[in-house]
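Here are my notes on the model, point by point. Please read them with the structure open.

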Amino acid sequence: MSREASRLREFYFGRQLRTMLPILFQSGETHNFTYDLTDTNLRYLAEMVAVATGKAPPEIEGFILESINDQQLRVYFDNKMASHRGQRSPPKVTSPFGRRLGWYAVARAIKPRLIVETGVERGHGALLLCAALLRNGEDGAPGRYLGTDINPDAGYLLSGKYEAVGKVLYGDSIASLKEIKEPIDLFINDSDHSADYEAEEYKVIASKLSATAIVLGDNAHVTDKLAGFSRETGRSFLMFKEQPKDHWYPGAGIGISFPKGRVLP
């Protein structure tokens, strides 16, 4: 029995246990971990975003590669992380944004005029979304980003040229959402990860979504609230699960809610 238990541990947990301490010592990260996704996982991510946005998969793959290859963005990220928290992505990590590459691809694909993200923390997603908005502006489709967070220190990654298209609203996220008057084209839930709070956010923004809006849930691997919201409002829903590459963290996910009837061109 002990031999079988050892095999079970090695098969399911051995790699994670062996990689945990070296990664912690290299990066100093204790939360919001940075890692690459496996090649297969990136392929699945592109396919899902293509379905939700009505774009061809090669176009979505191009957006993902655009972000991965943005060296100015990567250097900015590493420098800000090191100066503020003494952390940086492990050197072998090509892009520190993980599943958020899907957020970037959605923003590039649908060219939103307004992106709203609840829960900013250090500004990992805010930075990447504003990078997408800057690219959209170069393409003649400007937009802006609003983040919400109850922590007055949140959003330290959002500065410089990226801050030109985005800002953080401090205070309770639901209260901040109620004050937004213009249509939301892309909404990301990443705040209080309790199921009830997540559901309340969707309830508040339901009437504020534009006709073509996409909603992303960063908690969909834990709760089914975005799936329920999609069913109640007549929207389609898909779920993407991360597969981190060479990292002990098992990965989170993206729930994506989008209008029914979108077809590929």
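1. Start at one glutamate. The backbone nitrogen of Arg99 lies 2.8 Å from a polar atom of the Glu242 side chain. The Glu242 side chain also makes a polar contact with the side chain of Tyr35, at 2.7 Å. A polar contact here is a pair of N or O atoms within 3.5 Å; within protein, one must be able to donate a hydrogen and the other to accept it, and residues adjacent in sequence count only if both atoms are side-chain atoms.

2. Basis of the note. This is a predicted model: local features need pLDDT of at least 70, side-chain atom pairs count only at pLDDT 80 or more, and totals for chains, interfaces and linings use all residues. Residues are numbered from 1 along each chain as its sequence is written, and side-chain values use heavy atoms, with hydrogens and water left out.

3. Where does Glu242 sit? It is found in the loop between strand 7 (235-241) and strand 8 (244-245). Glu242 counts as buried because its relative accessibility is 2%. Buried means under 20% relative accessible area, exposed over 50%, and partly exposed in between (1.4 Å probe, protein chains only). Leaving aside residues up to four places away in sequence, Glu242 touches Tyr35, Leu37, Asn41, Gly98, Arg99, Tyr249, Pro250, Gly251, Ala252 and Gly253. Contact means heavy atoms within 4.5 Å.

4. The whole chain. It has nine helices and nine strands. These are DSSP runs, numbered from the N terminus: helices are H or I with at least four residues, strands E with at least two. Of the 265 residues, 53% count as buried. Among contacts between residues at least 6 apart in sequence, 72% join residues at least 24 apart. The accessible surface comes to about 12500 Å², with 54% of it on carbon and sulfur atoms. Areas come from the Shrake-Rupley method with a 1.4 Å probe; for residues, only the protein chains shown count as cover.

5. Seven strands form an open sheet in the order 4-3-2-5-6-9-7, with mixed pairing. Strand 4 (166-170) and strand 7 stand at the edges with a single partner strand each, so one side of each has no neighbour in the sheet. Neighbouring strands of this sheet are turned by 20° against each other on average, direction ignored. Two strands pair if DSSP finds at least two bridges between them.

6. Pairings to check. Strand 7 and strand 9 (residues 253-259) are antiparallel, over seven bridges. Arg235 stands opposite Pro259 in strand 9. Strand 5 and strand 6 run parallel and are joined by five bridges. Leu186 has Ile214 of strand 6 as its bridge partner. Strand 2 and strand 3 (residues 144-149) are parallel, again over five bridges. Glu117 has Gly147 of strand 3 as its bridge partner.

7. How is strand 2 covered? Five of its five residues are buried, so strand 2 is largely enclosed by the rest of the structure. On one side Leu114, Val116 and Thr118 are buried, and on the other Ile115 and Glu117.

8. Strand 6 and its exception. Strand 6 is mostly covered, with seven of its nine residues buried. Ala211 lies in this strand. Ala211 is exposed, at a relative accessible area of 74%. Ala211 and Pro183 are 28 residues apart in sequence and 8.8 Å apart in space, C-alpha to C-alpha.

9. Helices over the sheet. Helix 5 (residues 100-110) lies across strand 2 (114-118), strand 5 (184-189), strand 6 (209-217) and strand 9, and runs at about 175° to strand 5. Helix 9 (residues 225-232) lies across strands 6, 7 and 9, at about 160° to strand 7. Axes are lines fitted to C-alpha atoms, for helices over the stretch in contact; angles run from 0 to 180 degrees between N-to-C directions.

10. Aromatic rings. The structure holds four aromatic pairs. One of them, Phe187 with Tyr202, is edge-to-face: 6.4 Å centre to centre, 75° between the planes. Phe187 is in strand 5 and Tyr202 in helix 8 (residues 195-205), so this pair ties together parts 15 residues apart in sequence. Phe187 is buried at 0% relative accessibility, and Tyr202 is buried at 1%. Ring pairs link Phe187, Tyr202 and Phe229 into a cluster. Rings of Phe, Tyr and Trp (its six-membered ring) pair if their centres lie within 6.5 Å; planes under 30 degrees apart count as stacked, over 60 as edge-to-face and the rest as tilted.
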